[in-house]
Amino acid sequence: MRLLTLRLPAGNGSNSTTAVRQDGGTLTEIPGYSDVGALLQDPAWATVAKEATGPTHALDDADLAAVVPSPGKIICVGHNYRNHIKEMGREVPEHPTLFAKYSESLIGPNDDLALPQESDTVDWEAELAVVIGKAGRRIPEADAADHIAGYSVLNDVSMRDYQFRTIQWLQGKTWEKSTPFGPALVTSDEFTPGPLMTSAVDGEIQQSTPTSDLVFTPEYLVSYISTIITLNPGDVIATGTPGGVGHAQDPKRYLQEGQVLVTTIEGLGELANRVVKEA
């Protein structure tokens, strides 16, 4: 099952967005849920979504928001693909490297990506996103799959100059309107990590790695992170980026105004975001 968050045209009531189920080229509203994150708060979310018979919309005309627009937590993992660890001159970590993003950084799969005035070293980082569907604390790794609602595509766009000002990365990782996320949550019964993930800038492939090439698997990350803090429905784990980032190239390459960043994971979908200088 594929679940998306659809922006509604003006005049459709008090909610500006609604959760929808995708069936081919048709989106069916799931009445009573303002977005996919709100839907996941319902323990019966999968049944509710499957049985929904609300108003329909054409996918081709859809204005999509970030699939979970306001997660309670966005926890990101660094150094989780061996080819990226190598290109950045690091050692394979013994434990996951964790940092946070905030919901203000999220944009929809086709929204403009804000190029800030303050940074000229804006880099791409294609990532597989895990979305939590059931709450848990200290979740055993063997049970972690039961807590995963599904998977999506995310690009952890990074302002490298700010990222490396200190040994803490957060200030380079959560700039407003910088993180495309979507287009859909594909439920875990229909997707298993493994298919190819790519990023491209103006059609030129920069990253291309299978999503199975992780140091720490989604199940391990769910177990590890939930040891520290309760994971709740709608929380997001961004599982790290593979090799091919612009910062590691010689010469270094960064996003420029007017370019289009396309991030794709086979079986999950595509993000296509034009880079626009922030006013």
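Q: Is Met197 buried or exposed?
A: In this predicted model, Met197 counts as buried, because its relative accessibility is 0%. Met197 lies in strand E15.

Q: Which residues does Met197 touch?
A: Not counting residues up to four places away in sequence, Met197 touches Tyr81, Ala126, Glu127, Leu128, Gln207, Ser208, Thr209, Thr211, Gly240, Pro242, Thr264 and Ile265. Two of the names on that list, Thr264 and Ile265, belong to strand E18, which covers residues 260-265.

Q: How far apart are Met197 and Pro218?
A: In sequence Met197 and Pro218 are 21 residues apart, and in space they are 15 Å apart, C-alpha to C-alpha. Pro218 is one of the buried residues of helix H5 (residues 218-228), together with Leu221, Val222, Ser223, Ile225 and Ser226.

Q: And what covers those buried residues of H5?
A: The cover includes E6, E7, E11, E12 and strand E17 (236-238).

Q: Back to E15, then. How does E15 run relative to E18, parallel or antiparallel?
A: Strand E15 (residues 196-201) and E18 run antiparallel, and five bridges join them. Within that pairing, Val201 has Leu261 in E18 as its bridge partner.

Q: Which residues of E18 are on the covered face, and which on the uncovered one?
A: Leu261, Thr263 and Ile265 make up the covered face of E18, while Val260, Val262 and Thr264 make up the uncovered one. As a general rule, side chains in a regular strand alternate between the two faces of the sheet.

Q: Where does E9 come in, and is its pairing with E19 parallel or antiparallel?
A: Strand E9 (residues 113-115) pairs with E19 in the parallel sense, over three bridges. There, the bridge partner of Ala114 is Val276 in E19.

Q: Changing topic: how many salt bridges does a search of the whole structure find?
A: The search finds ten salt bridges. One of them is between the side chains of Lys101 and Asp156, at 2.8 Å from N to O. Lys101 lies in strand E7 (residues 97-101) and Asp156 in the loop between strand E12 (148-155) and strand E13 (158-159), so this pair ties together parts that are 55 residues apart in sequence. Both Lys101 and Asp156 are buried.

Q: What about Glu125 and Lys173?
A: The side chains of Glu125 and Lys173 also meet in a salt bridge, at 3.0 Å from N to O. Glu125 lies in the loop between strand E10 (122-123) and strand E11 (126-132), and Lys173 in the loop between H4 and strand E14 (179-187), so the pair ties together parts that are 48 residues apart in sequence. Both Glu125 and Lys173 are buried.

Q: Which other salt bridge does Lys173 form?
A: Lys173 forms a salt bridge with Asp156 as well, and the closest N and O atoms are 2.9 Å apart. That pair links distant parts of the chain, 17 residues apart, with Lys173 in the loop between H4 and E14 and Asp156 in the loop between E12 and E13.

Q: Which residues are linked in the network of salt bridges?
A: The network links Lys101, Asp123, Glu125, Asp156, Arg160 and Lys173.

Q: What is the lining like by class?
A: The lining has five nonpolar, six polar and six charged residues. Strand E6 (74-78) and helix H4 (160-163) each supply at least two of the lining residues.

Notes
Residues numbered from 1 in each chain as written. Predicted model: local features only at pLDDT ≥ 70, side-chain atom pairs only at ≥ 80, totals over all residues. Heavy atoms only, no water. Helix = DSSP H or I, 4+ residues; strand = E, 2+ residues; numbered from the N terminus. Nonpolar A, V, L, I, M, F, W, Y, C, P; charged D, E, K, R; others polar. Salt bridge = Lys/Arg side-chain N within 4 Å of Asp/Glu carboxyl O. Buried < 20%, exposed > 50% of the residue type's maximum accessible area, 1.4 Å probe, protein only. Pairing = 2+ DSSP bridges. Contact = heavy atoms within 4.5 Å.
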